[in-house]
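Here are my notes on this one, as numbered points. Have the model open while you go through them.

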Amino acid sequence: MNDTPSLPALALIGDNSTHLWGMTNAERLRRLARAEGLPDDTPQTGARLYVNLDYVFDPVWLRHIMTRPGTVVTDGNALVMAHLTGNIAPDNLERHRGELAFIDYRDNPQIYNRQLRKLDCPFIQRLTPATRRQIERKSYFGAYKGVTDLLTKYLWPELALWLTRLAASVGMTPNMVTAIGAALCVLATYLFSQGLYWSGMLAGFVFMVLDTVDGKLARCTITSSKWGNVFDHGIDLVHPPFWWYFWGVGLSAWGLALTPASFALVMAAVIAGYVLQRLIEGMFLKDFGMDIHVWRPFDSRFRLITARRNPNMVILFVATLFGRPDIGLIALAWWTVISLVVHAVRLAQAYGVKRSGRAIVSWMEAKS
């Protein structure tokens, strides 16, 4: 994070009583400013980030502009926001046009969002009672990761949107949603251990949807917290091996238990593959400053199906549909090993590129 003295103070222009995600636009902007470490909007000299309350925009715009003094964002002829210094004010921009960099939203400017692993033109829209729900929809999908698994990207976004709106309307916090999901995660683990796979998958499905909802609720209502991130990501990181282990335990209820030697081999592949794959992702992030899944288009496409929880659940679902949850677990183990090999090769290739003196840059960032 930048040092506070170098950041502009937030300055709001106009007024807008229309609520978005249960709060006014002014409150939303103040939450965004606090989250980014901007100074309070108090009388002072120096840089100011002027924002027109008639407009709502994706938070990436604020992060993009706050580090670029002299940048003005417009929607056609209408001012949306401006990072101004010295004696330049929003009402005399034309006199200083030669000193400023103008970005018109209607020109479809592309910005790389490193946090959400996507390259696009973040939304900007005028906020009115008639556009409120449309903007909520845009801000929700704007909080979606561009590179993720098939289920999260294509299967349940609409359901998660409905649940996110419901949670915001009743005042639920992201941590409340995470806690409900955690309980369902534990329930699914128990049901798997008893061979109650369909009930377990139902509990797991709801948990997986809520795992999307808590993050989107936090981003849409600007209520992310360090504890919430630890709580959410900790559960995500720890639970998958337990699911696969107790799935194997539950096979005895179907008369399909693996032999002790086979079960040990499958679990070794699943657990070692999962841990090593996570380590490779961590090494790539540490050594190259970005997620391995955004290096090249291949990596982003492979993330759709790589051996993470959601794609693995698809394997188990299909196998159980055909009455062979045992084959599903074996297939999951093989897919984990294959995914591990792919990631290991990609890491080795990245080190090779680095040794050749070429920069490792995300394909999305290179296009922005």
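**Notes on the fold**

1. H9 and H12 are roughly parallel to each other, because their axes cross at roughly 25° (angles under 35 degrees count as roughly parallel). The axes of H9 (residues 260–288) and H12 (residues 325–355) come within 8 Å; axes here are lines fitted to C-alpha atoms, for helices over the stretch in contact, with angles from 0 to 180 degrees between N-to-C directions. The crossing is left-handed, meaning the near helix is turned anticlockwise from the far one by less than a right angle. By class, the H9–H12 contact has 21 nonpolar, 5 polar and 4 charged residues (Ala, Val, Leu, Ile, Met, Phe, Trp, Tyr, Cys and Pro count as nonpolar, Asp, Glu, Lys and Arg as charged, and the others, Gly among them, as polar).

2. A word on provenance: this is a predicted model, where local features need pLDDT of at least 70 and side-chain atom pairs count only at pLDDT 80 or more, while totals for chains, interfaces and linings use all residues. Residues are numbered from 1 along each chain as its sequence is written, and side-chain values use heavy atoms, with hydrogens and water left out. Helices (H or I, at least four residues) and strands (E, at least two) are DSSP runs, numbered from the N terminus.

3. What about H6 and H8? The axes of H6 (residues 174–193) and H8 (residues 226–250) come within 8 Å and cross at roughly 10°, so this pair is roughly parallel too. The contact divides into 13 nonpolar, 7 polar and 1 charged.

4. UniProt's unreviewed entry lists "transmembrane region" for residues 176–198, 244–276 and 313–337; such annotations may be inferred rather than shown by experiment. In the model, residues 176–198 are 87% helix and 0% strand, with end C-alpha atoms 26 Å apart. Residues 313–337 are 88% helix and 0% strand, but their end C-alpha atoms are 16 Å apart.

5. Then there's the open sheet of 5 strands, order E1-E4-E7-E6-E8, with mixed pairing (two strands pair if DSSP finds at least two bridges between them). The edge strands are E1 (9–13) and E8 (101–104). E6 (residues 71–75) runs parallel to E8, joined by 4 bridges, and Val 72 has Phe 102 as its bridge partner in E8. H1 (residues 25–35) lies across E1 and E4 (48–52), at about 170° to E1.

Technical notes. Angles under 35 degrees count as roughly parallel, over 145 as roughly antiparallel, 65 to 115 as roughly perpendicular and the rest as oblique. Contact means heavy atoms within 4.5 Å.
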